[in-house]
Amino acid sequence: MVAVESELTTIAAPPGGDAIPLALRRRGGTPRQVFVLTLVGTLLLALFASADLSSWLDRMGDGPVLVPLQNVATEWDGAMQRLNLTRPAAALRAAMHRLLDAEW
Amino acid sequence: MLFPTSGFLLFFLVVAAVMAALETRFATKKAVLVAASYYFYAQWDWRFCFLLAFSTGVSYVVGRLIGAARRRDRRRLFLATGVTLHLGVLGVFKYLDFFVLSANRLAQLLGLSHELPFFELLLPVGISFFTFHGISYITDVYRGDVKVCRDPLDMALYMSFFPQLVAGPIVRAAYFLPQLARPSAEPIPLAPAMLLILGGLFKKVVVANYLATGLVDPVFAAPTSYGGPDLLLAVYGYAVQIYCDFSAYSDIAIGLAALLGFRFPPNFNQPYRAERLREFWRRWHISLSSWLRDYLYKPLGGNRRGRLKTYRNLLVTMLLGGLWHGAAWKFVAWGALHGGGLAIERLLEPLIGRRAQTPAARVIATIVVFHLVCLAWIFFRAEDFVVARLYIEGLAGGWRDGVQQAGPAMVALILVGMAGQFTPPALFERAAAALGRLPVWGLGATSGVAVAAIDALGPAGVAPFIYFRF
């Protein structure tokens, strides 16, 4: 079977090439750095958009594991509010609503 | 599980952690990615996983059979069987009720009282995409454009890889499978990948979602309630919305794949700056238009069998391309408008040339092509032909009323979306280079703050991507 399977020496180039140009792919990181990047991003999001975590867990329904998690998320959101970390998001949201409400 | 949600972020965090822990164990990484992809797909409906596994099995077995067959007629038979099986699955799950509805309407017209019952099957999300993946693989094996895939794990990952599973881009086997042969020696392009993901999130969460809820949906729901200015701005709004929605998905998919160490082809390239309809299709949903060109238009004869057959082939390709988008005649009409437009453009080529020559002619050509595309979008977006007709009638006649729905914010979003069509490509490269100078934790922190800002700017909740239903 192997003998008759077609072997290619070159691989067809995709239409349009790569989405990320070669020049931008010369520098970069490792899978560990991807994890660090994602983890730091998630932590920052948990600080500044804590309400999202709480509402996402609330939408998942009830359950022996979920209810304690939901309580923790609600307390976390409350703590972030007390620290005023949710204020920038609230200010952006209010500005966007003002823009949406504007009329000609 | 939608990309712009906390659930997906945590899912990706786990995947990234496992990828980091596995370091150089490439085969295990591939197995983990297959498992993660099936978990991701099961979030819609776990039963769909069996369909995905079936399509994967068909592609794998047929690919091996074609590769092993010595005689051309047997290779052809295996290819035909594989394509039939793939199209059969697509036909049953996506088009069965459409055929029943069309048959019942025809029976009504002929005065027959009997009606066929509907099957009401659930449409598996992404079925059109993984079916096209499977067809392109076995066709490429038949043509000798790709090596036969001998590793079932590679085939499973090619068919199910979660960044592109539900809405593309349609990545060719000849492009993706070699990436599974050995781990990439390239570094992971962290900054460009994050820039694509952040840009995609902004386009989807802010631009597309607000345009949908604030302008497009209400105007298309009752076009007779609005005057010409609102109707015109709503169709411009839809042009921007569908671009920002779909290209956002593609950008996020490309960025996620890059973070996992894989390369994807581009899927969009500022389509609304096209000066010809043909150019529009080289810039819009590039992976689909090139798929249709290579697996439908060219096998039909392409432009090699005379003018009339070229026009016919263009029309047939675009009609079927329209039908691929959805099981409804309005999508066929959308395809017919594009196919007819492409044919007329070819017919007029001796008069208008392949490209506009002067700057003024280029501007005029871009405006004309954009409005032709917008006309076709009316059929694509309208609920049915009646709504599309009312919409076009309103555009043609109702210009006495002022603007009711399209406020300054909606116009600003349309302008933002259109401005993105004309930014120089170097801007992305410069921004990526600037982000790339940050340390990894700085890039992560910047991304986290940017996502929080996008989330705050967007409306509550996330609407599904438009192309999920295709």
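Modeller: We may begin with α3(B) and α5(B), which are roughly parallel to each other, bearing in mind that the model is a predicted one. Two packed helices are described by the angle between their axes and the distance between those axes. For helix α3 (residues 48-68) of chain B and α5(B), the axes come within 9 Å and cross at roughly 5°. Angles under 35 degrees count as roughly parallel, and therefore this pair receives that description.

Biologist: Which residues of α3(B) and α5(B) make the contact?

Modeller: An α-helix has 3.6 residues a turn, so residues three or four places apart point the same way. On α3(B), the contact is made by L52(B), S55(B), V58(B), S59(B), V62(B), G63(B), I66(B) and G67(B). On α5(B), it is made by F130(B), T131(B), G134(B), Y137(B), I138(B), V141(B) and Y142(B). By class, the contact of α3(B) with α5(B) has 9 nonpolar, 6 polar and no charged residues.

Biologist: Is F129(B) buried or exposed?

Modeller: Burial is read from a count of neighbours, and 20 or more within 10 Å make a residue buried. F129(B), which lies in helix α5 of chain B, has 24 C-beta neighbours inside 10 Å and therefore counts as buried. Leaving aside neighbours within four places in sequence, F129(B) is in contact with V166(B), A167(B), G168(B) and I170(B). The C-alpha atoms of F129(B) and V166(B) are separated by 6.8 Å, while the two residues are 37 residues apart along the chain.

Biologist: How does F11(B) count by its C-beta neighbours?

Modeller: F11(B), found in helix α1 of chain B, has 17 C-beta neighbours inside 10 Å and so counts as partly exposed. Not counting residues up to four places away in sequence, F11(B) touches M1(B) and F40(B). F11(B) and F40(B) are 29 residues apart along the chain, with 8.4 Å between their C-alpha atoms.

Biologist: Which residues of helix α12 of chain B are buried, and against what do they pack?

Modeller: In helix α12 (residues 286-297) of chain B, the buried residues are I286(B), S287(B), L288(B), S289(B), S290(B), W291(B), L292(B) and Y297(B). The buried residues of α12(B) pack against α5 (127-143), α11 (277-283) and α13 (307-325) of chain B.

Biologist: Which residues touch the most other members of the largest nonpolar core?

Modeller: That core has 161 residues, and V207(B), L211(B), A234(B), A239(B), V240(B) and W377(B) touch the most other members. It draws at least three residues from each of domain 1 (6-181) and domain 2 (190-275 + 355-457) of chain B. Leaving aside neighbours within four places in sequence, L211(B) is in contact with V216(B), G237(B), V240(B), Q241(B), M410(B) and L413(B).

Biologist: How far apart do the C-alpha centres of domain 1 and domain 2 of chain B lie, and how many residues of each are in contact?

Modeller: The C-alpha centres lie 28 Å apart, and 11 residues of domain 1 of chain B are in contact with 11 residues of domain 2 of chain B. On the domain 1 side of this contact, the elements that give two or more residues are α1 (6-22), α7 (162-165) and α8 (173-181) of chain B. By class, that side has 8 nonpolar, 3 polar and no charged residues.

Biologist: What does chain A contain, and how many residues does each chain give to the contact between chains A and B?

Modeller: Chain A has 5 helices and 0 strands, and 27% of its 104 residues count as buried. The size of an interface is often given as the accessible area lost when the parts come together. Here the contact may be read by residues: 59 residues come from chain B and 52 residues from chain A. Helix α19 (residues 440-457) of chain B gives the most to the chain B side, with 14 residues. By class, the side of chain B that touches chain A has 38 nonpolar, 13 polar and 8 charged residues.

Biologist: Where is N84(A) found, and what is its phi?

Modeller: N84(A) is found in the loop between α4 (66-82) and α5 (87-101) of chain A, and has a positive phi of about 65° although it is not a glycine. With 9 C-beta neighbours inside 10 Å, N84(A) counts as exposed. In chain B, E120(B) is placed in the loop between α4 (72-109) and α5, and its phi is near 50°, a positive value in a residue other than glycine. E120(B) has 8 C-beta neighbours inside 10 Å and therefore counts as exposed.

How values were computed: Residues are numbered from 1 along each chain as its sequence is written. Chains are lettered from A and ligands numbered from 1 in the order in which they are written. This is a predicted model: local features need pLDDT of at least 70, side-chain atom pairs count only at pLDDT 80 or more; totals for chains, interfaces and linings use all residues. Two residues are in contact if their C-beta atoms, placed from the backbone, lie within 7 Å. Helices (H or I, at least four residues) and strands (E, at least two) are DSSP runs, numbered from the N terminus. Ala, Val, Leu, Ile, Met, Phe, Trp, Tyr, Cys and Pro count as nonpolar, Asp, Glu, Lys and Arg as charged, and the others, Gly among them, as polar. A residue is buried if 20 or more other C-beta atoms lie within 10 Å of its own, exposed if 12 or fewer, and partly exposed in between; C-beta atoms are placed from the backbone. Domain bounds come from an automatic or database domain assignment. Axes are lines fitted to C-alpha atoms, for helices over the stretch in contact, and angles run from 0 to 180 degrees between N-to-C directions. Angles under 35 degrees count as roughly parallel, over 145 as roughly antiparallel, 65 to 115 as roughly perpendicular and the rest as oblique. A nonpolar core is a set of buried Ala, Val, Leu, Ile, Met, Phe, Trp, Tyr and Cys residues joined through C-beta atoms within 7 Å.
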